[in-house]
Amino acid sequence: MASVAVDAPKFVDLTHHLAPEVLVRKTNPLKDIIRISWENPHLVSLANGDPHHSLYPIRRVEYEVASAADEDPVSAWRSLGASAPTQLLTSSRDADSPRLHQASLAYGHGVGLPDALRTVTALNNAYHTAPHHVATMTLGNADAITKVFRMLGSAGDYFLADEFTFGPMPIAAEAHGIKWVPVRIDSGGIIPEELERILANWDSRRGKRPHVLYAVPCGQNPTGSTLSLERRKQIYEIAQKYDLIIVEDDPYYFLQYDPPSTEAHSTQTQLKPFPVSFLSLDVDGRVIRIDSFSKIMAPGLRLGWITSQPAFQQHLVRFIDLSSQQPSGFPQALVSLLLDGWGLAGFDRWVRSLRLDYQRRRDFLLGLFEREVAPGGLASVDVPEAGMFLWVRVHLERHPRFTRKAEEVVEGARTNARELMQELFEACIRGGLLIVPATVFVLPTETGYEEEGSVHIDDRSNFLRATFAGSEETMAAGMPILGKVLKEFFADPSTARIDATSTVA
């Protein structure tokens, strides 16, 4: 179990950010017995209620995984098929040290298996500078985020997030009374000045000032934006000034790309370094970082980890032990065996090779866009530095039915952009293409946060999200459809109009 070094600095006391239910939640006493047994293996235990490990009907589990010995292991894994080099990982009750096998099949403690914790702590130490933060295993990002939101928020609290964000996460928090405040973003992610403007001008009649910022700093979903180091430092300073907790949700951290014009796809040595995380900037203990194996291994593992100051960890573990329990032992054992087998050097080769593969896919989709869509002048795209998505701007101002309200109209949207984007979405479906409109990602919120004279969010929702995580065949089939639909939609407004009462199956 992760522990704090003796010389650990004293983090800022941030317990006032905890929700009231957290402060009254008690420790699961039987899970605490498991913790004691783990920390004191010399004890003779008559306390546990596990079935005896000799009665588990699983003697041996073998995983045949990709070898990470090659300089470009992902390319070898994909191109060589059945002949690709592999590595056999074994968990067995008959091994010289059957401890991991037995632990993966037994009841556990909310913090996670000790071997898995050592694995993710080693990753944290390799890619971040946070020696005094501690890790807690989770059932992937969604589980981690919802638990963190529940730990920090209660009914009536305000949280901050990107104005366009991955919808399920804020919806989950809304169910227990969290209200969302959108922060304006651009192609570089959150605009620090906009964040500070909201906090500095907060109207106390609404309620308490927001105390949590939820951010996806790398390859933000859906926009693909990545925060620069300068912006990260500015945002952290604002968090210190206004006493914010930063929830750093970073599933795309390892999927960082170079500009398309570089030759980095030929060698890993030319790849840009991984960015400095909010976690690495955290001297107060106000960053709660969330990582996942979903994008770098497989989403079905449902495994990730939270990194936080120890004071937050104890409350997370109490919540886990009284709800979902620790993640399944099989994926925890697998990642532990995998990192043991690959070593940190092998893991680094794998994720850097994975970057190259996704960078090739990004560049392939960008090339298709330039050939099939861009020549018409009806849409454009920024090149994402990370993630899995292109954020396609549709130039609705060129549509013959685009309308703008009179300048004296100051409330709400001033254009019909939202309606036109819905029509375009439905036209894409009729044309055989499924693509996601920006309106799906608009943060659910109250009105009144916009700066006077600013453009309403509906008037800035003229975007589509397209993924390059799929096959090249899918991308090659999809971009020509988008180009064709856009031409028809802009050229023939009478047939493009969709009846307002129609629905899409």
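1. A salt bridge here is a side-chain nitrogen of Lys or Arg within 4 Å of a carboxyl oxygen of Asp or Glu. Please keep in mind that this is a predicted model, where local features need pLDDT of at least 70 and side-chain atom pairs count only at pLDDT 80 or more, while totals for chains, interfaces and linings use all residues. Residues are numbered from 1 along each chain as its sequence is written, and side-chain values use heavy atoms, with hydrogens and water left out.

2. Where are the domains? Domain 1 covers 25–354 and domain 2 covers 356–498, with bounds from an automatic or database domain assignment. Their C-alpha centres are 31 Å apart. Across the boundary, 47 residues of domain 1 are in contact (heavy atoms within 4.5 Å) with 36 residues of domain 2.

3. Together the two domains bury about 3,500 Å², with 56% of it on carbon and sulfur atoms. Buried area means the accessible area (1.4 Å probe) that two parts lose on being put together, summed over both. On the domain 1 side, F164, P222 and Y257 lose the most area to domain 2, together 20% of what that side buries.

4. P222 sits in the loop between β8 (212–215) and α9 (229–242). Helices (H or I, at least four residues) and strands (E, at least two) are DSSP runs, numbered from the N terminus. In the loop between α9 and β9 (245–249) you will find D243, which has a positive phi of about 55 degrees although it is not a glycine.

5. Back to charges: the salt bridge count comes to 31. One of the pairs is E21 with R150, whose closest N and O atoms are 2.6 Å apart. E21 belongs to helix α1 (residues 20–24) and R150 to helix α6 (residues 140–152), so this pair ties together parts that are 129 residues apart in sequence. R78 and D357 also meet in a salt bridge, at 3.2 Å from N to O.

6. Finally, the largest pocket holds about 1,100 Å³ of space. Of its 30 lining residues, I34, S37, W38, N48 and D50 are the closest to its centre. On a 1 Å grid over the protein atoms alone, a pocket is an open set of points where a 1.4 Å probe fits, with protein on both sides within 12 Å along at least five of seven lines; lining residues have an atom within 4 Å of a point. Helix α2 gives the largest share of the lining, 8 residues.

Notes: Grid points are joined across faces, edges and corners, and a volume is the space filled by probe spheres set on the points.
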